[in-house]
Amino acid sequence: MATSPVDPLLKQLTGPNTRSLLRVIILLTIAAAAVSSRLFSVIRFESIIHEFDPWFNFRATKYLVQNGFYSFWDWFDDRTWHPLGRVTGGTLYPGLMVTSGIIYHVLRFLTFPVDIRNICVLLAPGFSGLTAFATYLLTNEMVTSPSAGLLAAAFMGITPGYISRSVAGSYDNEAIAIFLLVFTFFLWIKAVKLGSVFWGALTALFYGYMVSAWGGYVFITNLLPLHAFVLICMGRYSPRLYVSYTSWYALGTLASMQIPFVGFLPIRSSEHMSALGVFGLLQIVGFVEFVRNQLPSRQFQTLLRALVLVIFAVSFGGLVLLTVSGVIAPWTGRFYSLWDTGYAKIHIPIIASVSEHQPTAWPAFFFDLSMMIWLFPAGVYMCFRKLTDEQVFIVIYAVLASYFAGVMVRLMLTLTPIVCVASAIAFSQILDTYMSIDSPTPEVQANGTPASASVAAASAMLPDGLRSTRNPIVGIYSYTSKLTVVAASTVYLMLFVMHCTWVTSNAYSSPSVVLASRLPDGSQHIIDDYREAYYWLRQNTPENAKIMSWWDYGYQIGGMADRPTLVDNNTWNNTHIATVGKAMSSREEVSYPIMRQHEVDYVLVVFGGLLGYSGDDINKFLWMVRIAEGIWPDEVKERNFFTARGEYRVDDEATPTMKNSLMYKMSYYNYNALFPAGQAQDRVRNTRLPAEGPQLTTIEEAFTSENWIIRIYKVKDLDNFGRDHGSAVAFDKGNKKKRAHKRKGARTLRVE
Amino acid sequence: MPPKNRHPTSASVQPSAPKSTPSAPTTTSSKPLNANTAQDIVQNVWDKYVQRTPQRVKLLDTFMAFLVAVGALQFVYCVIVGNFPFNAFLSGFSATVGQFVLTASLRIQTNPENKAEFESISNERAFADFIFGSLLLHFFCVNFIN
């Protein structure tokens, strides 16, 4: 018979072995789907590292693999932040590099010599499979329904909110951090449920791993104490909570302090104080509970409760006092801007200048989470109905993460796991209700013995003649309605898969290193100017030539061109970035001494005017001006770059400050030579440029890529005769005007 | 729960000696507390503790009192002398705190009164967990003290 293999499945007659086999198969399939949906960019383009930050991680990993762990741990990198250097071992989260280094060595041990680049490219897809598995475990802890875990794993495997940060080639900290986040939460829930030191210690271990991997560990550090605190406030203190929380905190704090970048922060900074406070509170509450068990006197209980409140208030006041007096560091700007959303824009332009730090728009939620965004509140609501300790966790996590995701686009990533879990709970509830075929046969058959007494009473009172009152069974038992609902949810699930695939394929799978465009006949045209220019730098400049560019390209220059840079994406020194911003936004006479002082050999700018590539340096120019203005308000003024009517223009009406700035000159140098006279066109700003292009005196053009996206200039040496560059260039051109204006006076006395 | 703030314990630590003398007549818990003075209450608690607590738990309590004393000593030394090798102070201090907490967890888990809370954890399992946690703690502390 054809139906015989399916029949036992439908009737739920399968043994536990069959079910676990099915479960394993489903999980493997989910992992395969998670991995394969992240490979669009590798298949379409090639196996390279995308974006900016991953280039540094890649470079650090290469260093680790080549030089071993110990020299990686105290690696002083003298090829970034040129005059300063960077103590890399103490300023990075080493978890990602160490993980891929271990994988590299394990594979070599197993005689699979894989290139480290391929390991780095494929690390994120590999870990996304593990994330799906961790979500499965976490959801299984939350609800009893066996299907919820599988659904959550499937959601987590393919949801675009997570794929966006973990496609193949995005070798970023988030690649392993989300797995660690979810797995740490799973271990924590397990620890709270069982009250076991073992699980608490495991939580601490994975928390330590998470700390070594991502700066977002602060989220865990605040979420777990909040969970414990809410449980205490709900009167759900139990010895299990004490055991799990204190073992997590004592071990986890020590584990997190082993990372040099974190160091003493868990003691000294405000972000970690909630964990410490709840730790102290739990000691007090535990002690009070102990005494209360000894003494069953109500008077004494109230006394102790008051004692707890007083101690809590006193320690909170002490914390505030310590923070105000400066013993404990206040919130850092990055975290503070999550609360005061206008703070970064006013005080720290470098935080506000990153596009990921903007508030999230509504369409982004639907785009990244599709149907889960409306199943998510339903799932949270269902957690409220049967509130156990671990479901409190879901509720808190959901509320907090929703807020943070609303404030900052980037934090959508931490929202995604809980959305998957909550919506899987809601969805599996629907499926569990409507997919059970068993109709209430005992109640229908046994008219005389209904299930409950109230139903019996109700049916006794009502007349038997009416059809609707004959079987007063509450619930939905007709096959039609069940089939409709099940079919509708199946359609939704399929639509979800299609949406996810579409979004991944179209929005999140494009490497930013190569730009893909379509020719009129539909064939693909690859614009590869970045690598063209970087390889030019790599092959045609001396080994130690210093490159000055805006900080966005620092990591890529270090990774691909292998040349020292002045600033890079690790924006730890704002003044240094402002120096580069000042050099870019000042006149040549001002910026040339700056470049000489910093031993700059080449200057690199990105210019998209020919191609219509909008992410170029002219569009980022105002941020350079703002960051420089923050340090030198007298010398660089943002107002001067706008026309009298407040417009930011690059054409004939551009302000003199704009036209004389180094950035403008470098971007548009010789640009009008491409066009017929007077018709130079900027395709990004959509304006016609002035007929006469800018003149450069202190630097000279060294390289311009094929589509003019990257332009590299060489900083001239000092003039042999000691003249300034302006007059030297004027002399070389045979400029007579200069001589006509020459006057005798205003010479000063020679000192020497 | 751990008798964290029990100073009398650390002062007169002889848990086994008074056990044999069931002296306190006022220990019956059913009796409502009519002696309202603080001293009576403390005395009451103490008597009951001495009478009821098993030997092994008292041993744990002694160890915890010892840890509190060591931690307090370290803290006082740090306050007096200053915290120059801060990581050394931190690792020493947090070793005592962590060990205290782990011991308290062991005490809670092996307490017969908490049987309902910890159904899945036998006493041996609790002890093995304690060993595991302590080993981790000491590894981290030794690593951190440099």
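Which residue of chain B forms a salt bridge with R240(A)? The partner is E117(B), and the closest N and O atoms of the pair are 2.7 Å apart. A salt bridge here is a side-chain nitrogen of Lys or Arg within 4 Å of a carboxyl oxygen of Asp or Glu. The rule finds one salt bridge across the interface of chain A and chain B.

The model is predicted: local features need pLDDT of at least 70 and side-chain atom pairs count only at pLDDT 80 or more, while totals for chains, interfaces and linings use all residues. Residues are numbered from 1 along each chain as its sequence is written, chains are lettered from A and ligands numbered from 1 in the order in which they are written, and side-chain values use heavy atoms, with hydrogens and water left out.

Consider next the interface as a whole. Chain A contributes 35 residues to the contact and chain B contributes 44, where contact means heavy atoms within 4.5 Å. The two chains bury about 3500 Å² between them, 71% of it on carbon and sulfur atoms; buried area is the accessible area (1.4 Å probe) that two parts lose on being put together, summed over both. In chain A, the residues that lose the most area to chain B are L254(A), F290(A) and Q294(A), together 17% of what that side buries.

A further part of chain A is named in a record. UniProt, in an unreviewed entry, places the feature "domain: STT3/PglB/AglB core" at residues 547-596 of chain A; such positions are given in the numbering used here, feature names are shortened, and annotations may be inferred rather than shown by experiment.
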